Amino acid sequence: MKILIAVDGSPYTQSAARYVVRQRESFSSPLEIHLLHVQPPIPYPGAAAVAGKAAVESYQRDESLAALAPAEKELAKAGVAFTPAWRVGDVAQTIEKYAREQNIDLVISGSHGHGALASLAMGSVSTKLVATLSVPLLIITRGAAARADRKPGEAHGDAAGQREAVATP
């Protein structure tokens, strides 16, 4: 099974990687993990021209490598092989394109849980992925992230810890 973890460098990214590590026996073998960070393009082309193409590309590469690092660390610590990648573009469209190109079976993404008002104002990457992807999407919610972060046998926290990941066909 080919799994793509959409990486943004947040604690939810690390939790998504930890979730995959703990659940890896649940997925069909052989398991192939891809990590993808999508860096949005510089919004003002004039600013990119002033800074220079090399400086912009260096910045995007450095930011992407930093975003990939927490998930890479989790997977490497567990001895799970992975393929890291980064791209520049619209996040949802770029993830969809990568998933198609790599024949990904499942995309896993963390949810920041900003709430309805913030999602309406900013647009939710998770919502865009649901609308864009042609493969199943597993969204690691705050509750599932908290659960993935607990050590085995550790007591449950609040009611939010009872929520599980949400999957879409």
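This report describes the fold, the nonpolar cores and selected elements of a predicted protein model.

## Overall fold

The secondary structure of the protein chain consists of seven helices and six strands. Followed along the sequence, these elements give the pattern β-α-β-α-α-β-α-β-α-α-β-α-β.

Of the 169 residues in the protein chain, 38% are buried. The accessible surface is about 9300 Å², and carbon and sulfur atoms account for 57% of this area. Among contacts between residues at least 6 apart in sequence, 77% join residues at least 24 apart.

In soluble globular proteins, nonpolar side chains tend to be buried together. The largest nonpolar core of this model has 20 residues, and I3, I5, V7, I33, L35, L75 and I108 touch the most other members. The elements giving two or more residues to this core are β1 (2-7), α1 (11-23), β2 (32-39), α3 (53-77), β4 (106-110) and β5 (137-140). The most is given by α1, with five residues.

Leaving aside residues up to four places away in sequence, L75 touches A17, V21, I33, L35, V80 and F82. Another core, of 16 residues, lies apart from the largest one; among its members are V38, Y98, V107 and L129.

## Helix α1

The 13 residues of α1 should span 18 Å at 1.5 Å a residue, and the end C-alpha atoms are 18 Å apart, which agrees.

## Helix α3

At 1.5 Å a residue, the 25 residues of α3 should span 36 Å; the end C-alpha atoms of this helix are 35 Å apart, which agrees. Just after α3, G79 takes a positive phi of about 75°.

Which residues of α3 are buried? They are V56, Q60, S64, A67, L68, P70, A71, E72, E74 and L75. An α-helix has 3.6 residues a turn, so residues three or four places apart point the same way. V56, Q60 and S64 are part of the buried set.

## A serine in strand β4

S109 is placed in strand β4. Is this residue, S109, buried or exposed? S109 counts as buried because its relative accessibility is 5%, and the cut-off for buried is under 20%. Not counting residues up to four places away in sequence, S109 touches A6, S126, L129, L137, L138, I139 and I140. One of these, L129, is also a member of the core of 16 residues.

Notes
Residues numbered from 1 in each chain as written. Predicted model: local features only at pLDDT ≥ 70, side-chain atom pairs only at ≥ 80, totals over all residues. Heavy atoms only, no water. Core = buried A, V, L, I, M, F, W, Y, C linked by side-chain atoms within 4.5 Å. Buried < 20%, exposed > 50% of the residue type's maximum accessible area, 1.4 Å probe, protein only. Helix = DSSP H or I, 4+ residues; strand = E, 2+ residues; numbered from the N terminus. Contact = heavy atoms within 4.5 Å. Expected span 1.5 Å × (residues − 1). Areas by Shrake-Rupley, 256 points an atom, 1.4 Å probe, with all protein chains shown as cover.
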